[in-house]
Structure formats: structure tokens, C-alpha cells
Amino acid sequence: SQANGGTAKTSSLNSPGDFTIEAVSAGTIVPLSIVGSISARDPDLGGKPGGDDVPAAEKAENKKAASETTGKWGLGISGDFAGAFVDDQTYAYLNDLGSVVGSPSVGGEFNTLEISSSNETILNPVAGQAVISLAGGNEKSLAGIAGSAAVAEVTADVQALLENATIQTFALELEALNDKKIGTCAAGLQVATPKGADLQIAGSVVVNEITNITTANISNVQATDDIGEISLTALSMDEIWGAAGTAAVTWDRRSLKEGEEGLDAKTVVGVGMSAVWNQVENTTTAEVTQSTITQSDGQVTIAAEDFTDSRVLSAGVDVAVPAGMSIEIGGMWATNLLYPTTTAQIADGSVINSNSENTEPLLVTAVLAPVLQSFAGYFSLDIGKPLSEKEAQLGIGVGAAVVVTRLGDEDGSSATLAQINGSTVDRTGAVTVQAHTGALGEETEQFVPDQEEAAVLNEGQNVHTL
């Protein structure tokens with residue numbers, strides 16, 4: 001309950017059972033862009049009328065004319081773009097200066113005040129293009145230029161908040177979850193069958209820029225009468241992948257047999273480039289601040305966990321069957337950046353256990369265990385013309401692949417922090433404050449509440465590496 005402008009109301013709420021506030025952002029967004037161009041000469045026409053009503057002798061004459069036609073050049077151009085730009089705010093909150101009262105606990109069983117917020121959006125921009133250039137007659141040169149780009153720019157603010165209220169006879173459960181599936185793809189295909197010099201240029205670009213704010217917060221709350229188990233969880237577990245690729249195939253249609261005239265060997269040049277950029281900025285926070293909580297039963301868990309899975313792939317293939325000199329140049333770039341800030345804390349407040357028989361633990365834990373996988377590769381294949389009777393020409397292939405993977409800002413602002421600061425904690429059971437960055441294994445299960453979910457996210461593998 002909150003008035004316009006963010007000012008807390010004053011009211012009294014009584015619940016005989018569980019009390020749930022839930023906000024969910026979900027849906028599927030698939031921007032799709034596919035284009036292509038085909039440039040070719042009809043070998044049956046030679047620039048003259050044709051069709052089924054044309055006599056066979058005239059068709060043969062037209063076909064001969066087409067094969068003897070000389071053009072200066074042929075050009076095919078293709079380009080496309082697919083983009084998704086999303087700005088989500090998903091808030092579940094109780095902001096009330098009054099009181100929220102549940103039913104008295106029976107045998108240690110409490111009704112639950114649950115506040116949960118999640119973003120489970122599926123986002124898949126896809127861009128694809130193709131250029132097909134088929135030479136006819138004796139064109140002196142062909143050129144194909146193709147470009148494809150796909151972009152996803154997402155801001156997801158997910159918050160579960162309990163503020164300013166007085167709570168009685170409830171167990172408290174707050175969860176904020178970013179669990180999006182974002183996959184972006186751009187691909188290009190070029191096919192050319194020249195009869196002269198040939199130039200093919202192909203490029204694909206993928207950009208994913210993701211900003212996540214994931215917050216579970218209890219602030220300025222008085223919970224002093226028969227409070228049960230307390231759980232605050234902020235969980236970032238997006239799956240983000242980007243893939244860009246190019247493929248070019250060039251086949252010189254001439255045999256260049258001895259005795260043929262006007263068919264001097266020409267140069268075939270293929271240039272392929274692709275780049276993928278994944279940049280993820282996560283702020284994951286679970287905290288109890290400026291609050292007084294007196295608990296009679298149950299565990300206290302305050303957990304901020306980042307299990308982000310980010311994967312990038314940049315690849316290119318160039319295949320040439322030239323009758324002359326061949327030059328293939330490829331450059332692939334893959335960048336994978338994760339800038340996380342993960343915080344779990346109790347600050348400027350108190351958490352008191354009023355029941356000496358309650359030996360359940362208090363756990364404050366911050367965990368950073370992401371998966372970052374990056375690949376860039378280029379492959380070129382040059383095959384001498386099988387039917388050529390000319391001497392073999394020079395073939396040159398140059399390829400470069402670059403991978404950049406970074407965890408954390410260069411300025412050191414990224415941090416994984418668990419703390420109890422300026423607060424009073426009184427427990428009969430154990431108090432554990434744990435900040436962990438690294439791989440997950442059997443020894444981490446005791447302080448990583450959602451380790452099982454992380455394992456499922458990564459196909460049953462619970463080993464996470466930096």
C-alpha cells in the first residue's frame with residue numbers, strides 16, 4: 001500500500017492465512033529480420049525475348065548470345081538489422097506505516113508474509129542475410145557485399161521490498177529474481193560463381209548490453225511479536241548468449257582449358273568479419289536495514305547470489321575454388337564482460353532471538369559464481385580448380401581471432417560483500433557471514449542456498465569458473 005508519489009500510507013491489515021504480494025514480468029520477444037539478394041543472367045535469353053512460344057532453334061541462338069555477352073561487372077548488396085530495446089521495472093512491495101498482523105503460530109507453524117518479484121522474459125533478436133551472385137556470359141568481375149546486425153539492449157529492475165511497517169506473527173519471505181533468457185544471432189551467407197575477378201565482403205555483428213538490478217530489502221520495519229523464519233533472497237541467473245557468423249563460397253565457373261581465349265585467370269578475394277559483444281552489469285542486493293526484528297522460531301537467511309551465464313561465439317568460414325589467384329581474409333572478435341556487485345548485509349538494526357530453544361542458524365551470504373564462455377574462430381579452404389589445365393595459381397589465407405573476457409570493472413568497483421554492520425545480533429544458533437567468489441562444490445553447499453538451482457541452470461554441472 002503506497003500513495004502516489006511514494007508516500008507510505010497508514011493502515012491496519014489482518015490476515016487469517018498467508019499474505020502474498022507478487023509481481024512478474026514474463027513474455028517472449030523475437031524480432032526477426034531476414035533478407036537476401038540474387039543477381040544472375042538468364043542464360044536462355046541473352047537479352048532477347050523468350051518463353052515457351054520461342055522456337056527451339058531461336059532459343060539455342062539466344063543461349064549462345066548470352067554466353068558471349070561481355071559485361072563490365074555485377075554487384076549484389078544485402079543488409080539487415082534486428083533490434084530489441086527493453087526497459088522493465090518489476091516491483092512487489094509493502095510500504096505501510098501501519099501494522100500487518102497474521103494469525104498466532106500453532107506448534108511452531110507460522111503463516112507467511114511473502115513478497116516476490118521476478119523477470120522471466122525470453123528475448124531472441126535474429127538477423128540473417130544472403131547474397132547470391134551467378135555470372136552469365138563473360139562478366140569481367142563480380143562483387144558481393146553483405147552485412148547483418150542484431151542488438152539486444154535490456155534494463156531489468158526487479159525489487160521485492162518491505163518498508164516502514166509493523167509486522168506481527170508472520171514468517172517473512174522476500175525474493176527478487178532475474179531469470180531472463182536472452183539469445184541474439186546474426187548470420188550471413190554469400191555464394192558467388194564468377195567468370196572473372198570476384199570480391200566478396202561479409203560482416204555480422206551482435207551486441208548484447210544488459211543491466212540488471214535485483215533487490216530484496218527489509219527497511220525501517222518493526223517486527224517484534226512472534227516472528228518465524230526469515231528469508232531474503234536476491235538471485236541473478238540470466239542466461240545470455242550472442243552468436244555471429246559468416247560463410248562465403250566462391251566457385252569460378254570457368255575450366256580454363258588450354259586453347260580457350262579471353263579467359264585469363266582472375267583474382268578472387270573473400271573478406272569475412274564477425275564480432276560479438278556481451279556486456280552485463282549486475283547489482284544484486286539482499287539486506288535488512290534500520291529494522292528491529294525479534295524472532296521466536298526459525299532460521300534467518302539473507303542471500304545475494306549471482307549465477308549469470310554469458311556465452312559468446314564468433315565464427316567464419318570461407319571456401320574458394322578459384323581458376324586464378326585467391327586471397328581470403330577473416331577476422332573474428334568475441335568480447336564477454338561481466339561487471340557484478342553482490343551484497344548481502346544487516347545494517348543499522350537488530351535481529352534478536354527471543355527463544356533460547358531456537359538454535360536455528362543465521363546466515364548472511366554473498367555469492368558470485370558465474371559462467372563465462374567465449375569462442376572466436378576462422379576457417380578458410382582454398383581448392384585448386386579441378387578441371388583447370390593451367391598451372392596452379394597462388395592462394396593466400398589470412399585469419400585472426402580475438403577473445404576478450406573480463407570479470408569486474410577495471411576501476412575495482414565490482415565487489416562481493418557480506419557483512420553485519422552497525423547492528424545487534426543475538427542468537428543461540430550459529431552465525432555465519434560468508435562472501436564467496438569462485439567455483440561451487442560440495443564444500444560450498446552449506447552457505448549457498450540456491451546452489452542446486454545453479455546446477456540445473458548449467459545442465460547439471462555445478463562447477464562454475466571465473
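Analyst: The protein has 2 helices and 29 strands; helices (H or I, at least four residues) and strands (E, at least two) are DSSP runs, numbered from the N terminus. This is a predicted model, in which local features need pLDDT of at least 70 and side-chain atom pairs count only at pLDDT 80 or more, while totals for chains, interfaces and linings use all residues. Residues are numbered from 1 along each chain as its sequence is written, and side-chain values use heavy atoms, with hydrogens and water left out.

Of the 466 residues in the protein, 49% are buried; buried means under 20% relative accessible area, exposed over 50%, and partly exposed in between, with a 1.4 Å probe and protein chains only. The accessible surface of the protein is about 20,400 Å², and carbon and sulfur atoms hold 51% of that area; such areas come from the Shrake-Rupley method with a 1.4 Å probe, and for residues only the protein chains shown count as cover. Among the contacts in the protein with a separation of 6 or more, 88% are between residues 24 or more positions apart, where contact means heavy atoms within 4.5 Å.

The pairing of strands comes next. Two strands pair if DSSP finds at least two bridges between them. An open sheet of 7 strands has the order 2-7-12-16-20-24-29, with parallel pairing. Strand 2 (19-25) and strand 29 (431-437) each have a single partner strand, so one side of each is left without a neighbour in the sheet. From one strand to the next, the twist averages 0°; for such angles, axes are lines fitted to C-alpha atoms, for helices over the stretch in contact, and angles run from 0 to 180 degrees between N-to-C directions. Within this order, strand 20 (residues 300-306) runs parallel to strand 24 (residues 362-368), and 7 bridges join them. One of the pairs involves Ile302, whose bridge partner in strand 24 is Val364.

Strand 19 (residues 292-295) pairs with strand 23 (residues 350-353) in the parallel sense over 4 bridges, and Thr294 has Ile352 in strand 23 as its bridge partner.

Strand 13 (residues 181-193) brings several pairings together. With strand 8 (residues 122-123) it pairs in the parallel sense over 2 bridges, and Leu123 stands opposite Ile182 in strand 13. Strand 9 (residues 126-134) pairs with strand 13 in the parallel sense over 9 bridges. A further 12 bridges join strand 13 to strand 17 (residues 239-251), again running parallel; there, Ala192 has Thr250 in strand 17 as its bridge partner.

Gln129 is found in strand 9, and its bridge partner in strand 13 is Gly188. Gln129 counts as buried because its relative accessibility is 4%. Not counting residues up to four places away in sequence, Gln129 touches residues including Val35, Ser78, Asp80, Ala146 and Leu189.

Ser274 lies in strand 18 (residues 268-289). Ser274 also counts as buried, because its relative accessibility is 4%. Leaving aside neighbours within four places in sequence, Ser274 is in contact with residues including Ser204, Thr246, Ser314, Met332 and Trp333.
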